[in-house]
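Visitor: I am new to this structure and would like to be walked through it. Could you show me what we are looking at?

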Amino acid sequence: MCQSKIHEFLQGLPKCEHHVHLEGCLTPELTFQLASRNGITLPDDPAYASVDALKNRFERFTSLDDFLHYYFESMAVLRSEQDFADLAWAYFLQADADGVHHAEVFFDPQVHQERGISYETVVNGFSAGCKRAEQELGISTRLILCFLRHLPVASANELYDQFLASGHYEAGVIHGLGWSSSEVGPPKDMFRDIYASAAAKKIPLTAHAGEEGDASYISTALEVGAQRIDHGINLIQDPQLMQRVAKESILLSVCPVSNLKLQCVKSIAEVPIRKFLEAGVKFSINSDDPAYFGAYILGNYCAVQEAFNLSVLEWRIIAENSVQESWIPNERKAELLAKIEAHVKRFL
Ligand code: HPA
Ligand SMILES: [Zn+2]
């Protein structure tokens, strides 16, 4: 297939996104707009001198923690429910343009709470953005609350109690829990108690693991109850674990451009896409923090295509697995699988 045809195929291929941080959709432009709207002085760092200076800084992250520094600092511009709703809406508009039909999106209440923004403000704003995407764009959505590994466990425990007391899970406002932030350093199983409690309540659980950390971070995440692994590229270090992940249909939410930008790989070709396909490991392809890494989901699909030259049928497997392992009812899965089938048929 010629380049323009494959781009048309990838653009129209019905997609599910499972790994995007709503705060990671805060572009330099929106950062400056919200800073001005809220009368906030941006950090005294040359990176924040202008929109272009910030964009330039985002071109040279040296590690996950180097990125996280800017990710957490920029969030200070988010203050009102409307700010959070606007940020989510900005993501959903781009996702819609990229052919996303279902999106499971992360957010980080702890950092907002630490700077005096209430849990309710954050959840109400983000869930308003999700509701608008469902109504106006027909995208089904799932909000996933993330616990942060660089903060004390006591802070996560407090948030977990607040989450339980809010009734947000039962009300379908928040659909699952995850963990993220610095990988190597804090104890691998720091959220063991929270995950045991949440698993007993049948709350869907995922975890960032195997991005900078080795495969043992993945096995620990699974041991404490994660049903999905975010990133997980270092699974290839452990063939036995890889077999188990394939056998148990544990989805990896892989983020190729993020891996490149955070120097976890030297090129997209190093992301084990073909090895996962060959081993029957299910994965989806995702954007992670698109405002920081310069690629939304379609950019990630195209980067994978350029590196691996996958066939239409291989893309069909990826798209179908993305639907099958989404946290949605079977009727919605059937609807999305039919859309994929119709689209694929046009290109075979
Ligand atoms: O890629 C990531 N890894 C860990 N934490 C994060 N928070 C936003 N993006 C990431
Ligand atoms: Zn992530």
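Guide: This is a predicted model.

Visitor: Which strand does β1 pair with, and how many bridges join them?

Guide: β1 is joined by five bridges to strand β2, residues 100-107, and the two run parallel. Within this pairing, Glu17 stands opposite Ala103 of β2, and Val20 stands opposite Val105 of β2.

Visitor: What holds paired strands together in general?

Guide: Strands of a sheet pair through backbone hydrogen bonds, in either a parallel or an antiparallel arrangement.

Visitor: What is the strand order of the sheet that contains β1?

Guide: The order is β1-β2-β3-β4, in an open sheet of four strands with parallel pairing. Its edge strands are β1, residues 15-21, and β4, residues 176-180, each of which pairs on one side only. On average, neighbouring strands in this sheet are turned by 30° against each other, direction ignored.

Visitor: Let us change topic. Which residues does UniProt mark as "binding site"?

Guide: The UniProt annotation, from an unreviewed entry, covers His19, His21, His208 and Asp288. These residues are spread over 270 residues of sequence, yet they cluster in space, with a largest C-alpha distance of 11.7 Å. The unreviewed entry also lists Asp289 for "binding site".

Visitor: Where is His19, and is it buried or exposed?

Guide: His19 is found in strand β1. His19 is buried, because 32 other C-beta atoms lie within 10 Å, and a residue counts as buried at 20 or more. Leaving out residues up to four places away in sequence, His19 touches Asp230, Ser253, Cys255, Asn286 and Asp288.

Visitor: And what about His208; where does it sit?

Guide: His208 belongs to strand β5, residues 206-209. It has 28 C-beta neighbours inside 10 Å and therefore counts as buried. Apart from residues up to four places away in sequence, His208 touches Trp179, Ser180, Glu183, Asp230 and His231.

Visitor: Where does Asp289 lie, and which residues does it touch?

Guide: Asp289 lies in the loop between β8, residues 283-285, and α14, residues 290-293. Although in a loop, Asp289 is buried, with 27 other C-beta atoms within 10 Å. Not counting residues up to four places away in sequence, its contacts are His21, Gly24, Tyr71 and Ser258.

Visitor: Which residues surround ligand 1?

Guide: The residues around ligand 1 are His21, Gly24, Leu64, Tyr71, Ser180, Ser181, His208, Glu211, Ser258, Asp288 and Asp289. By class, this shell has two nonpolar, six polar and three charged residues.

Visitor: You mentioned β5. What is the strand order of its sheet?

Guide: The order is β5-β6-β7-β8, in an open sheet of four strands with parallel pairing. The edges are formed by β5 and β8, each with a single partner strand, so one side of each is left without a neighbour in the sheet. From one strand to the next, the twist averages 25°.

Visitor: How many bridges link β5 and β6, and which helix packs on that sheet?

Guide: Four bridges link β5 with strand β6, residues 228-231, in the parallel sense. In this pair, Ala209 stands opposite His231 of β6. Helix α10, residues 215-223, packs on the sheet and touches β5 and β6; its direction makes about 165° with that of β5.

Visitor: Where is Asn309, and what is its phi?

Guide: Asn309 is in the loop between α15, residues 297-308, and α16, residues 312-324. Its phi is positive, about 45°, although Asn309 is not a glycine. Asn309 is exposed, with 11 other C-beta atoms within 10 Å.

Definitions and conventions
Residues are numbered from 1 along each chain as its sequence is written. Chains are lettered from A and ligands numbered from 1 in the order in which they are written. This is a predicted model: local features need pLDDT of at least 70, side-chain atom pairs count only at pLDDT 80 or more; totals for chains, interfaces and linings use all residues. Two strands pair if DSSP finds at least two bridges between them. Axes are lines fitted to C-alpha atoms, for helices over the stretch in contact, and angles run from 0 to 180 degrees between N-to-C directions. A residue is near a molecule or strand if its C-beta atom, placed from the backbone, lies within 6 Å of it. Ala, Val, Leu, Ile, Met, Phe, Trp, Tyr, Cys and Pro count as nonpolar, Asp, Glu, Lys and Arg as charged, and the others, Gly among them, as polar. UniProt positions are given in the numbering used here, feature names are shortened, and annotations may be inferred rather than shown by experiment. A residue is buried if 20 or more other C-beta atoms lie within 10 Å of its own, exposed if 12 or fewer, and partly exposed in between; C-beta atoms are placed from the backbone. Two residues are in contact if their C-beta atoms, placed from the backbone, lie within 7 Å.
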